[in-house]
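Welcome! Take a moment to turn the model around on your screen before you read on. The notes below will walk you through it topic by topic.

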Amino acid sequence: MTTTVTPSPSRETPAGSAPASPTRPPREGSAGTRTRKVVLHVVLLVGGIAMVFPFLWMLLTSFKTLPQLLGAPLSVWPAPWTFQNFIDAWNDAPFAQAYFNSIYIAVLVVIGTLITAAMAGYAFARIKFRGSRALFIVFLATQMIPMQVTLIPFYFLMARLGWVDSHLSLIIPAALANPFAVFLMRQFVLSLPQELEEAALVDGAGRWRIFWSIILPNLKPGLGALAIIVALSTWNNFLLPLVLLNSQDLFTVPLLLQSFRGQFGSINYGLIMAASAVATIPMLIAFVIGQRRILNSMASSGLGGR
């Protein structure tokens, strides 16, 4: 007896028509996701305005006249606009000398920090010796100690070396010991493939040759970001110049600004804001130009995975 299996009837698609696509169920939570994004953007916008507003207030106040400051201290928009505050601020204080001092101190500190941090970072990342990890942890832990704690011993050390009231006290220690810079360079070296060094070792290259010819050229993104960070930190340094410098011709911009405020603070706030703008705008421009390099370098260094 033969059993015949008949195929089940199927729907045929008419010629020339595309097969019907299955309907997608509506995505759940899409409205909630949009709401969360809107709330997040509103919070970020409010926070951004709160952080930018003091700087805008400083700039707008620097263009106000003294009668407007005395008559309408809460007014935001200058009426009329005046550049006289900037002229008076530049002439009443030796800003040119202070600018020169801050610039050359920052340049020397940046160069010294890049050299020492790159070499120390390479040593901690690639050269294994007894106690290297413990030494690195101790060196990095010094960053957790507030500067105010070590300020008096540091002053006595600078006095013993004869560097009080000298720019050497601001340049040499900062260029030789920067735990954050060493940590950042170590992370960059760890992100480089070790096969490059192994191939160079096979070819007979020594540690110095490997560092100068292979490691250092590959550290350029990290060195660029570190240079901007160190320059900003050095330019804004106020506590050490306040303690170590006595002569006005050696003052840096933040220190000169403080003495300027002490002299004119109770008379003309427009003058104070103009002087603050003169001191702030150069580093603000440097940060705006280099912020993308800083963020990209931090992301590529693997700081979160080491």
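Here is a short tour of this structure, from the overall fold to a few single residues.

The model you are looking at is predicted. The protein chain contains 14 helices and 0 strands. Of its 306 residues, 32% count as buried.

**Confidence and overall fold**

- The average pLDDT of the protein chain is 81, and 82% of the residues score at least 70.
- Among contacts in the protein chain with a separation of 6 or more, 73% are between residues 24 or more positions apart.

**The largest nonpolar core**

- In soluble globular proteins, nonpolar side chains tend to be buried together.
- Here the largest nonpolar core has 54 residues. Phe 95, Met 185, Ile 215, Leu 219 and Leu 226 have the most contacts inside this core.
- Helix α4 gives the largest share of the core, 11 residues.

**The largest pocket**

- Rolling a probe the size of a water molecule over the atoms shows where empty space is left.
- The largest pocket holds about 1,100 Å³ of space. It is lined by 34 residues, and the closest to its centre are Met 147, Ala 174, Ala 177, Pro 179 and Leu 240.
- Six helices each supply at least two lining residues: α4 (95-126), α6 (151-161), α7 (168-176), α8 (179-191), α11 (220-236) and α12 (239-244). The largest share, 6 residues, comes from α11.
- What classes of residue make up this lining? There are 23 nonpolar and 11 polar residues, and no charged ones.

**The second largest pocket**

- The volume of the second largest pocket is about 200 Å³.
- Its lining includes Leu 232, Trp 235, Val 253, Ser 276 and Phe 287. The elements that give two or more residues to this lining are α11, α13 (253-264) and α14 (269-300).
- Helix α14 provides the largest share of the lining of the second largest pocket, 6 residues.
- By class, this lining has 9 nonpolar, 3 polar and no charged residues.

**A buried glutamate**

- Glu 197 sits in helix α9, which covers residues 195-202.
- Is Glu 197 buried or exposed? Glu 197 counts as buried because its relative accessible area is 4%, and the cut-off for buried is under 20%.
- Leaving aside neighbours within four places in sequence, Glu 197 is in contact with Tyr 122, Arg 126, Arg 207, Ile 210 and Ile 215. Ile 215 is also one of the residues with the most contacts inside the largest nonpolar core.

- Most residues other than glycine have a negative phi, and most peptide bonds are trans.
- The peptide bond from Ala 79 to Pro 80 is cis, with omega near 0°. You can find Pro 80 in the loop between α2 (66-71) and α3 (84-92).
- Asp 165 is not a glycine, but has a positive phi of about 60°. Asp 165 lies in the loop between α6 and α7, and is partly exposed, with a relative accessible area of 25%.

Conventions:
Residues are numbered from 1 along each chain as its sequence is written. This is a predicted model: local features need pLDDT of at least 70, side-chain atom pairs count only at pLDDT 80 or more; totals for chains, interfaces and linings use all residues. Side-chain values use heavy atoms; hydrogens and water are left out. On a 1 Å grid over the protein atoms alone, a cavity is a set of points where a 1.4 Å probe fits but cannot get out, and a pocket is an open set with protein on both sides within 12 Å along at least five of seven lines; lining residues have an atom within 4 Å of a point. Grid points are joined across faces, edges and corners, and a volume is the space filled by probe spheres set on the points. Helices (H or I, at least four residues) and strands (E, at least two) are DSSP runs, numbered from the N terminus. Ala, Val, Leu, Ile, Met, Phe, Trp, Tyr, Cys and Pro count as nonpolar, Asp, Glu, Lys and Arg as charged, and the others, Gly among them, as polar. Buried means under 20% relative accessible area, exposed over 50%, partly exposed in between (1.4 Å probe, protein chains only). Contact means heavy atoms within 4.5 Å. A nonpolar core is a set of buried Ala, Val, Leu, Ile, Met, Phe, Trp, Tyr and Cys residues joined through side-chain atoms within 4.5 Å. pLDDT is the predictor's confidence in each residue, from 0 to 100.
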